[in-house]
Amino acid sequence: MSRAQLDPSGVCATQCVDHILEPLCFPEQPHTLSCLFFSESLPLMHKDVLLKHLLLQHKLVIADVQLIAHLPKYLLYWKGRFLEQPITDFCSEIKTNSTGPVEKQERYFLLCDVLPEDRALREKLQQKRLEEVLEQQQKEREDRSFHRVCMFCNDEFTGNRSDLLNHMAHEHAFSVGLPDNIVYCDELLDTLQSKVDNLQCLYCEKTFKDKVTLKDHMRKKAHRRINANNRQYDRFYIINYLELGKTWEEVQSEDDRELLDDKDDDWSDWRACPVSAVCLFCDLRHVPIFLSVFQEVHDFDLQHLRAELNLRFYQQVKLVNFIRRQIHQNRCHACQGKFGCRGDVLRHLRERQHAMMLPPARTWNQPQYYFPTYENDALLCALSDSDGEESDGRAGEDGVPVIAEDLLDARLVKENSVLRNLLKPTT
């Protein structure tokens, strides 16, 4: 009895084995790929060799391999399932040359996410990878051992990576994006440095004869950014880990997709998309019940504070922006205590039960907190705007008159204007 054996060249050798008793194997290493039917494995870099082997030797095709977050774990899972049940219980069967002679027909098997079990596995692997990436990003934020020289000048930066990224953006007009959107920052900087050392433009990726020519090219052509079409950079941005099977371009373009013309303007059947908002205290993204997650994980009930303090919409906005800024500065929003990292702040909030405690209103109810602490903060869009009372359009929450443009009342403007003292009395 024989079985196919893999080698890196993609050729299946033949080896005689005894199928009655097979030796036990330790779990596969995380960076090796295992054949779904035999015990052979290959390094992760030989993915194409394994896929070719599965196609030619076992007539198996795995759909959308590039969308699988962790291929080794995916293969190990299905290897175990194929030992329990026949492949036909999981895969769609495809016949080639179905109308031809029987001897010329071949059967192929397709493993794809149409199968609920396969879809669930892919989503689980995607979620696990997202959690690992967010954990890595948090470590980078708290790491103070960073030390690096700017690739465009001789300035040295020690401490937080964001200092160097902001320096490159402001001083050299070279931006790779907001620091909070980047992960594996050291590897990203190593990649960029390597390209510059090899006299390669970071945008068009052309190579030049010396650094002076490269510098003039990037300045004159305004090539002070990375090539967004180079997939090598995808792993360095959080947005590429958020949704299964979607790239950053697809995620960003969703809101700009053209809608079909509809003669009926009735929006009664419109359904809002669930809001995906970053937690007020940690970096996890919650969809769509983030308010209840605040309460369950961090003992913070925004709805209760809103009702207890009778907070209007813009007061809620200021409170959220205030708390976000305090957490960003590793400070307790209740007692203003300063800590070394965010983890210490969260531990303090939990142990002292300070999450629901607020400082005096004059501390957070300030005009400066009208402005978002974080750009594109989806949480601000999800706050309740029902104040429980009808506005007469005469005064805002701070007592400042609000006058509609189409209902302009010159007398009211004159009486409430800060310039009224400058007006000379008429005779």
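Which residues of α2 are buried? Keep that in mind as you open this predicted model.

**Stop 1: helix α2**

Select residues 71-84, which form α2. Its buried residues are L71, P72, Y74, L75, W78, K79, R81 and F82. Now show what covers them. The cover includes β3 (32-34), α1 (47-58), β5 (60-62), β7 (106-111) and α3. Next, check the helix length. At 1.5 Å a residue, the 14 residues of α2 should span 20 Å, and the end C-alpha atoms are 20 Å apart, so the two agree.

**Stop 2: the largest nonpolar core**

Select V176, L188, L189, L192 and Y237. Of the 31 residues in the largest nonpolar core, these touch the most other members. Color the helices α3 (116-142), α4 (161-172), α5 (185-197) and α6 (211-220); each supplies at least two residues of this core. The largest share, five residues, comes from α5.

Zoom in on Y237. Leaving out residues up to four places away in sequence, Y237 touches V176, N181, I182, V183, L188 and I226.

**Stop 3: a second core**

Select C279, C282, A355 and L379. They are among the 26 residues of a second, separate core.

**Stop 4: the cysteines**

How many disulfides are there? The count is zero. Select C150 and C153 to look at one case. The closest cysteine sulfur to that of C150 is in C153, 3.7 Å away, so the gap is too far for a bond. A disulfide would need the sulfurs within 2.5 Å. C150 counts as buried because its relative accessibility is 4%. End at C185, which also counts as buried, at 3% relative accessibility.

Notes
Residues numbered from 1 in each chain as written. Predicted model: local features only at pLDDT ≥ 70, side-chain atom pairs only at ≥ 80, totals over all residues. Heavy atoms only, no water. Core = buried A, V, L, I, M, F, W, Y, C linked by side-chain atoms within 4.5 Å. Buried < 20%, exposed > 50% of the residue type's maximum accessible area, 1.4 Å probe, protein only. Helix = DSSP H or I, 4+ residues; strand = E, 2+ residues; numbered from the N terminus. Contact = heavy atoms within 4.5 Å. Expected span 1.5 Å × (residues − 1).
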